[in-house]
Amino acid sequence: MTIPASWFLVLAALLFGVGAFGVLTRRSALIMFMCIELMLNAVNLTFVTFARSLSDIGGQTTVFFIMVVAAAEVTVGLGIVVAVFRRRESTSVDELSELQG
Amino acid sequence: MSHLAPLILVLPLLGFLLVLMNGRSLNNRMVGIIATGVVGLSFLATCVAFVLLLHDHDREVTVNLFTWISVDTLHVPAALLIDPLSITMCLFVTGISTLIHWYSTAYMEGEKDFRKFFLYLNLFVFSMLTLVLANNLVFTFVGWEGVGVCSYWLVSFYFDRDAAASAGKKAFIYNRIGDVGLLLAMFLLFVHTHTLTYLGIFSSTSLLSPTIATLVVLALLLAATGKSAQIPLFNWLPDAMEGPTPVSALIHAATMVTAGVYLLVRMSPVLALSSSGRMTIAIIGGLTAFVAATIATAQKDIKKVLAFSTVSQIGYMVLAVGVGAYGAALFLMVSHAFFKALLFLGSGSVIHSLGGEQDMRKMGGLAKWLPLTFPTFLVGWLTISGVPPFAGFWSKGDVLTNVFAHNKPLWALGVVTAILTAYYMTRLFVLTFRGNERFREVTHQHDPHESPLAMTAPLLILAILSVLGGLLDLPWAHGFSLTHFLAPTFGFVAPIGAQSTGLQTGLALVDFAAALIGLFAAFTIWRNTVESTTFEKPFFEHVWRWDDAYDAMFGRPLEQLAQVSNDVVENRIIDGAVEGLGGSVQRSGEGIRKLQAGMVRQYALAMVLGLTVIVVYLVGRVR
């Protein structure tokens, strides 16, 4: 039996919602990163789902791009987080608000 | 002729360029020699051209130099017109200028800007010759403007003095007003005759309607009032006395002020079309002659008296032009060039001997100390006063006889002016050379010294010319007179022959009597007086309050307008708009900057909300 595409989409929406909620509510930069990853992968899931149901390889290709970009982003982002932590002994993003108008 | 004529024009320019290019390697002596030499050579070239012209059948040669402007129907050649009128002008312009250059080499000795002075002087002569020799109005205009700018430089030669700087500006601006007249005349003539060469205009005068002709004549008159210092634009000339004295002589005798009269005389075929225009010219001339003469009676500065006397004499010339006596106008112009140059250079010699003093109240008794200046000045004084047999008697008589034939009231005004002329010149003469020696305070008890030869020799030459100048145009010498020589230019002989010899003699006696009345009145009053409130009316001394009137009419309203512009337009409107724009940008920035809080989660929230809105919108559209 095949699982209907809508199940995958609902799962992706839930994952995205959890990720967005995490980004908005948590103060720790590390956890926010993880939530962003969650959101990215939720989007990846929708891409793959549509690629399969529409028989279009383009969606799967895009997912690979997103993975590469996400990997690069995490590398840079974690580097920044480590650097900030060394200076401040904290990863709370609310304390990083010097760049305000 | 075609090689000679350009030479007249080019030589002063060559001198200008030589001194300009080699300014540093030439000493003052060489500069003086070059500057005087080129003008002298130009005079010689003019003399030869004059002789050649006498042998020319048509008495009219056009020398084409090059095509200057050629656009559609406008063709302006850079060409010279050699005819009796232009050659007469050139003769006295170059002749007198040579003497003035020579005189200046001594007068300006030791001046800081000696070289610059001669640069301007040569350029001045070049401009004047361009003005006179050009065969079309546009080329004349080049000289016209050149004369204007040179006079500006020379009048404000001592530009570190406030009075000199503002006198230069005044001269320039008054001339600029006159220039508008010349430009308007050019526009009108081009629109109606499609040409701007003199001969072209003269051969198509039939295309000008009486109204247009009158407008052209009035525009030309405006131009002439500016350049020739006539009412209402006459009061720049006395201020121009701030320049060095040789400049005054050059401006008053040979160049500049004669330009306006020349223009009117040159355009005589157009003047012939408008009798109302000529009448206006005559009235302006007569009034100027009278007004300026009254002012001259009350001036205390020796050069100011002479300046107003020039205005008055030019008024006579304009009056003569107004009644159609172009020959008489030219005759007076030439003889005036002789005696006014003589008087100015003589006064320069006096001023030189007193170390720069110009106030006649601090002179007196100089006859004994200036053995060469005194007799030559005496000649100049008698000449301008109209005492026979000097040139002034004949030339002024020629003008007045012609005026008598056309307009009796203006003739009477002219005779009154003649009395005033003799009066103020005698006053000047007596105050300067006779009476007590009042100069000791100025010279620090030293004796005044006679000027060097380079200054007195031109005086002697000019004195001889003033004595003999009358021979140019004696009333009974019809075949060999200036008027006869000029006749081809004007196409007719002035109607002086219409009057009987008896009437002419009578009029001459009236002139003579006028001169004597003025002479004796001045002698009686000024023999023992230096200052007199009875005879030096403040109203006259202050130029009929003319400057004050202009100040009240134009100066102060314009100043108020400028003040209002500054207070309201500049400070409120323009600054208000600029500063208001800046202020509003700043204020809106103040408000918007609060959005940048530096809180990552806030930004994220905004993004999510924005995303939600977009999604809702897209979903709504799909439905």
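The expected span of a helix is taken as 1.5 Å times one less than its number of residues. In the predicted model, helix α24 of chain B, residues 546–592, comprises 47 residues and reaches 64 Å from its first C-alpha to its last. This distance is close to the 69 Å expected at 1.5 Å a residue. The helix α24(B) carries a kink of about 40°, centred on B:Ala552. The number of buried residues among the 47 of α24(B) is zero, so the helix lies largely in the open.

For chain B as a whole, buried residues make up 51% of the 623 residues. The chain contains 25 helices and two strands. Its C-alpha trace spans about 120 × 65 × 55 Å along the principal axes. Of the contacts in chain B with a separation of 6 or more, 80% are accounted for by residues 24 or more positions apart.

A single residue pair was also examined. B:Leu20 belongs to helix α1 of chain B, which covers residues 4–21. The C-alpha atom of B:Leu20 is separated by 8.5 Å from that of B:Lys116, and the two residues are 96 residues apart along the chain. With 13 other C-beta atoms within 10 Å, B:Leu20 is classed as partly exposed, because that class lies between the buried limit of 20 or more and the exposed limit of 12 or fewer.

Note on methods:
Residues are numbered from 1 along each chain as its sequence is written. Chains are lettered from A and ligands numbered from 1 in the order in which they are written. This is a predicted model: local features need pLDDT of at least 70, side-chain atom pairs count only at pLDDT 80 or more; totals for chains, interfaces and linings use all residues. Helices (H or I, at least four residues) and strands (E, at least two) are DSSP runs, numbered from the N terminus. The bend at a residue is the angle between axes fitted to the seven residues ending there and the seven starting there. Two residues are in contact if their C-beta atoms, placed from the backbone, lie within 7 Å.
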